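This note concerns the pockets of the structure shown below.

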Amino acid sequence: MDLLEYQGKQLFARHGVPVPAGRHATSVEEAVFAAEEIGFPCVIKAQVQIGGRGKAGGIKLAKDRDEAREHAEAILGMDIRGLTVHELWIEAASEIASEYYASVIFDRSAKAPLVMLSTKGGMDIEEVAAGDPEAIARLHVDPLLGFQDFHGRRLAFEAGVDSDVVRPVGVMLAKLYEMFVAEEATLVEVNPLIVTPGSASDGGGREVRALDAKVTLDDNALFRHPDNAQLRDPSKEDPQERMAKERGLTYVKLDGDIGILGNGAGLVMSTLDVVAEAGGSPANFLDAGGGSKAEAITNAVEVILSNPKVKAVLFNIFGGITRCDEVARGLIEAFHQINPQVPFVVRLDGTNDEEGRRLLAEANLPNVRTESTMDGAARKVVELATATPAAASAA
Ligand code: GDP
Ligand code: MN
């Protein structure tokens, strides 16, 4: 689950990572009120799950109440690369001497968290990684030992941070790591992590602060974090994925127009490959598991067909413990309930496959054809999808 900047910053604050004072607003009035509470100058920031808001005009500095109103009016409702801004975060403006980059991600290939630090912050880190990989200091952390003080110092020296802030940068990295573990995140990214110029009033001491927050939490661990689970915004979720989740199905939405249903995750994965190989583009991954009951099949087919892009469906069953004749009976019943408007290709192979295909042939279902090989089924479904006009599937 990806958090909005202000949600990430609230977690930062809870774990002692320094952030500017801020308030949330969903209307111009609220934004002006929030700005007055925070004081001027303040920054009005669009809250959408996409980077590059600054460049897109979604982040603006307000010197007074009139400017706060003007910026809030301009940013609310703004379209930032396809996302409409409905929420704002109003924050005390920071003075910036340097912009750094810090992140903790889970590196699956190393089976350990990876902490990164760079003094080239404020810009696209992928560009830095491509053009100047040396500028990013990296360190894997042994999850059993955790993040130690010397890790922070080593990263700070390697990245070349200004010597007066080596200590606070190290402390911030330690806190980001602690938050990463405690909240069960898969990504915690701060870009920019800023160094303030320091002022005579505080003896010239420079501070570090997280000016942006990008946090991804592990969905599979959310049940252990009920507070975090509440941060989920159902309106931002994909409708098919939400529907599948409610029905307890393993479904992943893809970009294409061929619905895929199979029994067993491995079989479904290879079905996606075979369809792609045949020149088609899968609309989803859906593992129906080992069941053959009509209800389970109906549930799954309804989720697939609720995606308006789907022009044809491939139902790929390998009968092992689940027998093909049982699956065929389930499918026939499901078809009578749903009466789908898009063509289905059913590939039955394995235990009792001949019996299964015979049952399907006898049922004489409109829009259904059977195949005995995966290759043949894939080619057939691609051919049917190509011949079907778009958005014909509203079942
Ligand atoms: P992003 O563009 O979506 O990554 O949004 P950020 O929160 O990272 O902001 C982009 C840029 O806006 C930062 O790199 C800063 O240069 C600038 N910015 C954001 N907040 C402030 C602030 O309080 N003061 C100043 N001077 N600049 C800011
Ligand atoms: Mn940023």
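Which residues lie nearest the centre of the largest pocket?

1. The model is predicted. In the largest pocket, Gly 51, Gly 52, Arg 53, Asn 191 and Asp 212 lie nearest the centre, and they belong to a lining of 40 residues. The space in the largest pocket comes to about 1,000 Å³.

2. Several elements supply at least two residues each to the lining of the largest pocket: the strands β2 (42-46), β3 (59-62), β6 (88-92), β7 (98-107), β10 (185-195) and β12 (214-217), together with the helix α4 (125-131). By class, this lining holds 17 nonpolar, nine polar and 14 charged residues.

3. As to location, the largest pocket lies between domain 1 (21-92) and domain 2 (98-229), because both domains give residues to its lining.

4. The second largest pocket holds about 910 Å³ of space. Its lining consists of 30 residues, and those nearest the centre are Gln 49, Arg 232, Lys 236, Glu 237 and Asp 238. The lining of the second largest pocket divides into eleven nonpolar, eight polar and eleven charged residues.

5. Which element gives the most to the lining of the second largest pocket? Helix α8 does, with four residues. At least two residues each come from α1 (5-14), β5 (83-84), α8 (239-246) and β13 (250-253).

6. At the level of domains, domain 1 (21-92) and domain 3 (239-387) each provide at least three residues of the lining of the second largest pocket. Domain 1 also gives residues to the lining of the largest pocket, as does domain 2.

Conventions
Residues numbered from 1 in each chain as written. Chains lettered and ligands numbered in written order. Predicted model: local features only at pLDDT ≥ 70, side-chain atom pairs only at ≥ 80, totals over all residues. Heavy atoms only, no water. 1 Å grid on protein atoms, 1.4 Å probe; cavity = no way out; pocket = protein on both sides within 12 Å on 5 of 7 lines; lining within 4 Å. Points joined across faces, edges and corners; volume = space filled by probe spheres on them. Nonpolar A, V, L, I, M, F, W, Y, C, P; charged D, E, K, R; others polar. Domains from an automatic or database assignment.
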